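Dear colleague,

Please find the structure below, together with its sequence.

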Amino acid sequence: MLLEIKDIHVHYGKIAALKGISVEVNEGEIVTLIGANGAGKTTTLKTISGLRGLSSGTITFDGKDISKLPGHKRVMAGLGQAPEGRGVFPGMTVYDNLLMGAYTRSGDFGDDLAEVFELFPRLAERKTQMGGTMSGGEQQMLAIGRALMAKPKVLLLDEPSMGLAPLMVQQIFSIIEEINRRGTTVLLVEQNAQQALKLAHRAYVLETGKVVKSAPAADLLDDPDVQAAYLGGGLGHDAPPERDGAESRDVPGEQA
Ligand SMILES: Nc1ncnc2c1ncn2[C@@H]1O[C@H](COP(=O)(O)OP(=O)(O)OP(=O)(O)O)[C@@H](O)[C@H]1O
């Protein structure tokens, strides 16, 4: 197992946000955490990346206990993050934003930059544009591209679909699938349960700081409780996900 979160408890002051969450991520998987607002999804991700401290429990990554490691050392160990709200540096160019993602590395990263531009042709076109003037979807691409520049083993994604038009959500999700196909493990937090369950291999459902279900994502798409609570009251799903990623490299230039 590549990443194991075991029985973590996290507090904001006296408020218990996570009450014993356990999540496992195997190498090569896309795992998603879904749940209502306030369930603890973002807090789980922040705790894994080191932005929040634990009250108890352990986080093991690549065989090592990283529970007490500072955030930048977790990035160096191979945990990359595209945070909620994207965190793009608004006054820096797209190119410089991407270089910031490689700050933990030494040596040549030209090949990685070329790969990011291949995955996101839009970023290549807009290299010299200021990050803050990019559209919402483009900023999401930039945040993911920047995280990839650290060459992560696991990519942590916090609500990449937030605020984006459906077509842009499709594009971002097909690129995430392609990134995974090329070898990066993904832990995805999503409000958009339908899309997340179509993309992921396995999923955990969080409610008020606890895991209430975990199963293969396809099973949860068919689960009546999950449909009622998170999938628009049983609208169900349509076509199965594209798993070959064939279309993800020549994404048409849509605005969010
Ligand atoms: N900085 C904070 N201070 C106090 N309480 C917080 C803070 N951040 C989160 N919480 C609380 O912790 C709980 C979990 O929040 P979290 O943001 O992890 O949920 P979430 O599942 O990601 O929700 P959303 O989908 O709305 O982002 C909520 O009750 C929230 O109010």
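**Domains and overall content**

The protein chain is assigned two domains: domain 1 covers 3–78 + 152–231 and domain 2 covers 88–150, the bounds coming from an automatic or database domain assignment. Please note that this is a predicted model, in which local features need pLDDT of at least 70 and side-chain atom pairs count only at pLDDT 80 or more, while totals for chains, interfaces and linings use all residues. Residues are numbered from 1 along each chain as its sequence is written.

The protein chain contains 10 helices and 10 strands; these are DSSP runs numbered from the N terminus, with helices being H or I of at least four residues and strands E of at least two. Of its 256 residues, 44% count as buried. A residue is buried if 20 or more other C-beta atoms lie within 10 Å of its own, exposed if 12 or fewer, and partly exposed in between, with C-beta atoms placed from the backbone. Among contacts between residues at least 6 apart in sequence, 69% join residues at least 24 apart; two residues are in contact if their C-beta atoms, placed from the backbone, lie within 7 Å.

The centres of domain 1 and domain 2, taken over C-alpha atoms, are separated by 23 Å. In the contact between them, 13 residues of domain 1 meet 10 residues of domain 2. On the side of domain 1 that touches domain 2, α2 (71–77) and α7 (166–181) each supply at least two residues, and α7 gives the largest share, five residues. That side of domain 1 divides into 10 nonpolar, two polar and one charged residue. Here Ala, Val, Leu, Ile, Met, Phe, Trp, Tyr, Cys and Pro count as nonpolar, Asp, Glu, Lys and Arg as charged, and the others, Gly among them, as polar.

**Sheet and hairpin**

An open sheet is formed by four strands in the order β2-β1-β4-β5, with antiparallel pairing; two strands pair if DSSP finds at least two bridges between them. Its edge strands are β2 (15–25) and β5 (64–65), each pairing on one side only. Strand β4 (residues 56–61) is joined to β5 by two bridges, and F61 has K64 in β5 as its bridge partner. Helix α1 (residues 41–49) packs on this sheet and touches β1 (3–12), β2 and β4, its direction making about 70° with that of β2. Axes are lines fitted to C-alpha atoms, for helices over the stretch in contact, and angles run from 0 to 180 degrees between N-to-C directions.

Strands β9 (residues 202–207) and β10 (residues 210–216) pair in the antiparallel sense over six bridges. They form a hairpin with two residues between them, and T208 in the turn has a positive phi of about 35°. L206 stands opposite V211 in β10.

**Around the ligand**

The residues around the ligand include Y12, I15, K41 and Q191; the criterion is a C-beta atom, placed from the backbone, within 6 Å of the molecule. The largest share of this shell, three residues, comes from α1. The shell divides into four nonpolar, seven polar and one charged residue.

**A loop residue**

P70 lies in the loop between β5 and α2. Why does P70 count as exposed? P70 is exposed because 10 other C-beta atoms lie within 10 Å.

With kind regards
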